[in-house]
Amino acid sequence: MPPFDDWNIIDEEEEEELQDAAFFEGKRDVILFCIDCSESMHELRDDPKYEDVKTSHLFTALEAAMQIQKKKVIVGPNDSVGIVLFNTTRSSETKNHATEIKKNSFVYHAPAIQELIQLLDAAREDPDLLKSTFPPLTGKKMPMGDVFTSCNWVLRDGAPKTATKRVFLITDDDNPHPGSKQLVTSARTTLLDLTQSGVQIEPFFIATPEKPFEPSKFYSSVLLPNVLNDEDEDTGVLPESISITRIDDLLSQMRFHEVPKRALFSIPFQLADGFVISIKGFDQQAEVDKTEMVYGMALGAAPVEGASDDEGEGGDTVCRVVPSGKRPFYTADEIRSFRTLDLEPGIKLLGFKDPIELAFEDNVKHSVFIYPDESKYSGSKRTFAALLKKMIEKKKIGLVLALTRSNSAPVFCAMLPQAESTEEGGWNEPAGFHLIPLPFADDIRAAPLETAFRAPDELKDAARVWIDKLCVKDGTYPPDAHPNPALAYHNAQLQASAFREEFDPEAFEDLTRPKYDMIHKRAGNLMKEWKRALLTDESANVVPVTTGFKRKADVSVDEAEIRSKHEVGALAKLRVDQLKDFLKSKSQPVSGKKAELIERVGDWLDAH
């Protein structure tokens, strides 16, 4: 038997929990902005927001970096953000700093964020200030290999080893080294060293109608595409790159990439006996709830200390002797063993089915996106890609048994393949599998079918016209670009207080608020026509007759009222259910006639 103190302690996680908060708190995120300062980035252009105001690509890039830094102060105080400027003649200040920054690059240290804010405020008044502060390198370009080496040194000396490290590369030059194969090879080699140290590169290519950006000239042969293709296949496409055709979209695109891509779990994926690869799982919808208090549950009386473990006839089998009339109790390890069926965390492939076997109503819980993890099993990426390719070709879905955490219950899941889709200037959907938990039989119940009123085809066609006018761009809603307005408003006030700025409530922009002017402009007249047709349609004006129901009166009484009746000897005026509810709330027996219940209530009130 377990010790007496441990019989009622169960250390377990909620099955509905989507993410482990302790893991996210311990994992720091480091972002290093690597911004080009060449002459084209300094070129003055008309500001897209304000009239008669000049700005530059460098100003917009620095402003986006500043906004991300200010956001991190509130939502990620343990995270770090840095800035490296290259192709500038300003030398880096290396006082009390261990890094050896390459020539023609400048590093903004963490305490200089206030200086950056003041610099941008002054640059709004004097557009030429940035060019004098960070003079561009003329006549030549800094080798990209040296740029990646400087980033590697900064992250090596300034970022924790366990942090998630990323580099945001911002430039408008699609061919910094024309005709130089040596510099291309050097850049690719140094970038490979950077990625092998755990750093992820996310480029932001700035394009304009006058100067389009073509990654195939230089960056397609330098940057490593993060795709699931064969290693010897050169696609020439960079799916993780963002080609920004409008410079004012830079900050909105960074909102997608600024969110750290932290894995929920990293577990083995068994394809067959002795054939295992490694995968990581990423949650696409995370719930954020208030912290809840967890109280111990009274499972009954404590175990009898005289009980002992005896061995049965099998020798290795341990039998537990439970006295008659007593409950058996189990330790936390035993309960965890019952829940996990003695399985280790992992995913096991059971077979394949046609997509028609997966019904829409089977999606009752949030899915998890899985992606190969090459760090634990070599060849995981190639094997994962081959499985994904064949399942897409044969139009099959997988059936797996998944146990993602050590103390969760194993569940059957459908493994839905997703091919990579790349949209020009938009968000890219990576290649991988969606792990969809399948419901148990108890989760499925027959819904009552009721005959409803059907709208005529003319009314549906009229509605379809204005709905098509209001469809989301690319057909997908980007939640990362629309933060919670209540939380964003609170963080904006904290941010203004932290940076000693004046907070203007009128200037706060709720990104979730619909753009009513645009809606009325696009579909206002069509909606009015549809509404007039709706009012004249007979099926839309029929009111179904529903039967009412009688509300049950609230018969509960509080302890103060019961005590007052006891003092005047009027407990007999209470009903039996009220007496039983009171005794039940005080963990007292509820059996017996009304006279016994009254006596029991009176004894409890006298004793307390």
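What percentage of the 608 residues of the protein count as buried? In this predicted model, 33% of the residues fall into the buried class, and the protein exposes about 38300 Å², of which carbon and sulfur atoms supply 51%. The secondary structure comprises 16 helices and 17 strands. Among contacts between residues at least 6 apart in sequence, 71% join residues that are at least 24 apart.

On the α6 side the contact is formed by Met144, Gly145, Phe148, Thr149, Cys151 and Asn152, and on the α7 side by Ser186, Ala187, Thr190, Leu191, Asp193 and Leu194. By residue class, the contact of α6 with α7 consists of six nonpolar, five polar and one charged residue.

Helix α15 (residues 576-585) and helix α16 (residues 594-607) pack with their axes 10 Å apart and at an angle of about 40°, which makes α15 oblique to α16. The crossing of α15 and α16 is left-handed. Here Val576, Leu579, Lys580, Phe582 and Leu583 of α15 meet Lys594, Leu597, Ile598, Arg600, Val601, Trp604 and Leu605 of α16, and the residues of the contact of α15 with α16 divide into nine nonpolar and three charged, with no polar residues.

Technical notes. Residues numbered from 1 in each chain as written. Predicted model: local features only at pLDDT ≥ 70, side-chain atom pairs only at ≥ 80, totals over all residues. Heavy atoms only, no water. Contact = heavy atoms within 4.5 Å. Helix = DSSP H or I, 4+ residues; strand = E, 2+ residues; numbered from the N terminus. Nonpolar A, V, L, I, M, F, W, Y, C, P; charged D, E, K, R; others polar. Buried < 20%, exposed > 50% of the residue type's maximum accessible area, 1.4 Å probe, protein only. Areas by Shrake-Rupley, 256 points an atom, 1.4 Å probe, with all protein chains shown as cover. Axes fitted to C-alpha atoms, helices over the stretch in contact; angles between N-to-C directions. Parallel < 35°, antiparallel > 145°, perpendicular 65-115°, else oblique. Left-handed = near helix turned anticlockwise from the far one by under 90°.
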